[in-house]
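Please keep the sequence and the model in view while reading.

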Amino acid sequence: MAEYRWNQADLAAAYDRDASRVHPRYVDVQDAILNELASGNEPIHGTIVDLGGGSGRLLERVLMRWPEATAVLVDQSQSFLDLATARLAQYPGRATTHCLRLQDDWREVIPVPVAAVISTSAIHHLLPDEKRRCYQKCFDVLRPGGVFLNGDEVRDESEAEYRGHVERWAAHMQQLIDTQAVSPAMADALRGWQRRNVEQAGQPRASGDDCHETAASQLAYLRDAGFVDTAVVWQRELWSVLRGRRAN
Ligand SMILES: C[S@@+](CC[C@H](N)C(=O)[O-])C[C@H]1O[C@@H](n2cnc3c(N)ncnc32)[C@H](O)[C@@H]1O
């Protein structure tokens with residue numbers, strides 16, 4: 001079986017360097033998550049878990065902003081985890097990283113209960129049933145009042161709107177490839193995204209593909225898992241931040 005694309009060291013390095021150019025809303029999604037975390041009545045303290053946390057850029061911002069917080073990063077790619085470990089070393093004793101798939105029982109490595117579970121651009125790689133099981137695990141590890149926030153690629157209810165968002169992002173990727181603004185490893189990854197989402201649009205998805213689902217479907221999964229206060233708290237083009245809260 002082909003190696004999962006996220007496990008290549010050169011792609012991990014390229015994503016760490018270039019994500020904010022490749023993903024036009026990369027920083028906006030992070031900002032929306034931080035704003036939502038900050039909107040509670042209490043200061044953030046305790047553990048924040050980042051699922052598919054990659055090279056640790058979002059947790060770096062969390063630890064910088066909330067000195068009472070600690071962080072747990074879960075990701076299946078050792079290449080990304082190596083970058084995250086190096087980045088988060090600036091906060092000694094406040095961050096741990098774990099090489100696990102979101103399909104695994106990552107609850108075993110989490111010091112429960114946690115204040116928040118966050119994620120960006122990772123959970124859409126899971127098939128519908130895998131998402132459901134993952135959302136259940138998120139609910140299980142949260143403390144009462146704790147929040148789950150997923151900033152991710154989300155399918156629009158309107159197929160035409162969705163296709164427009166996909167095609168505009170694919171065109172943006174093509175411009176980066178044509179102008180050699182990204183490394184060969186990133187260009188390959190972008191061509192893969194274009195192939196899966198433009199040329200093979202509508203074809204069945206396998207785990208690890210871009211398994212885009214609507215906000216309504218995913219908010220229903222969250223409610224089924226036990227979450228309350230479910231909502232889309234931010235949305236631009238292909239990206240939304242979905243929220244669920246564990247009741248007090
Ligand atoms: C697009 S990158 C996003 C990284 C990071 N969240 C960010 O926003 O910078 C996708 C990340 O999800 C991770 N990932 C993809 N599928 C996963 C899975 N099934 N289990 C755990 N991590 C996964 C990849 O290893 C990679 O680090």
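The sections below treat the domains, the core, selected elements, the ligand surroundings and some backbone features.

The model is predicted. The domain assignment divides the chain into domain 1, made of residues 5-156 + 207-245, and domain 2, residues 161-199. The contact between them takes 15 residues from domain 1 and 19 residues from domain 2. On the side of domain 1 that touches domain 2, 5 residues are nonpolar, 1 is polar and 9 are charged.

## The nonpolar core

In soluble globular proteins, nonpolar side chains tend to be buried together. In this model, the largest nonpolar core has 61 residues. Those with the most contacts inside this core are Ile 48, Val 49, Leu 59, Ala 71, Val 114, Ala 116 and Val 117. Domain 1 and domain 2 both give residues to the core, so the core lies between them.

Not counting residues up to four places away in sequence, Leu 59 touches Ile 48, Asp 50, Gly 53, Ala 71, Leu 73, Leu 88 and Ala 95.

Helix α4 spans residues 78-88, and its buried residues are Ser 79, Phe 80, Leu 81, Leu 83, Ala 84 and Leu 88. These buried residues pack against the helices α1 (9-22) and α3 (57-65) and the strands β2 (69-75) and β3 (95-99).

Strand β4 (residues 114-120) runs parallel to β5 and is joined to it by 6 bridges. Within this pairing, Val 114 stands opposite Leu 142 in β5.

## Surroundings of the ligand

There are 18 residues around the ligand, and Trp 6, Gly 52, Gly 54, Ser 77 and Ala 122 come nearest. The shell divides into 6 nonpolar, 9 polar and 3 charged residues.

Trp 6 belongs to the segment before α1. This residue is partly exposed, with 19 other C-beta atoms within 10 Å. Not counting residues up to four places away in sequence, Trp 6 touches Leu 11, Ser 77 and Phe 80. Trp 6 and Gly 54 are 48 residues apart in sequence, and their C-alpha atoms are 9.2 Å apart in space.

## Backbone features in the loops

Most residues other than glycine have a negative phi, and most peptide bonds are trans. The peptide bond from Val 112 to Pro 113 is cis, with omega near -5°. Pro 113 is found in the loop between β3 and β4.

Ser 121 has a positive phi, near 55°, and is found in the loop between β4 and α5 (128-141). Is Ser 121 buried or exposed? Ser 121 is buried, because 21 other C-beta atoms lie within 10 Å, and the cut-off for a buried residue is 20 or more. Glu 237 also has a positive phi, near 50°, and its place is in the loop between β6 (228-236) and β7 (239-245). Glu 237 is partly exposed, with 16 other C-beta atoms within 10 Å.

Conventions: Residues numbered from 1 in each chain as written. Predicted model: local features only at pLDDT ≥ 70, side-chain atom pairs only at ≥ 80, totals over all residues. Near = placed C-beta within 6 Å. Nonpolar A, V, L, I, M, F, W, Y, C, P; charged D, E, K, R; others polar. Buried ≥ 20, exposed ≤ 12 C-beta atoms within 10 Å, placed from the backbone. Helix = DSSP H or I, 4+ residues; strand = E, 2+ residues; numbered from the N terminus. Contact = placed C-beta atoms within 7 Å. Core = buried A, V, L, I, M, F, W, Y, C linked by C-beta atoms within 7 Å. Domains from an automatic or database assignment. Pairing = 2+ DSSP bridges.
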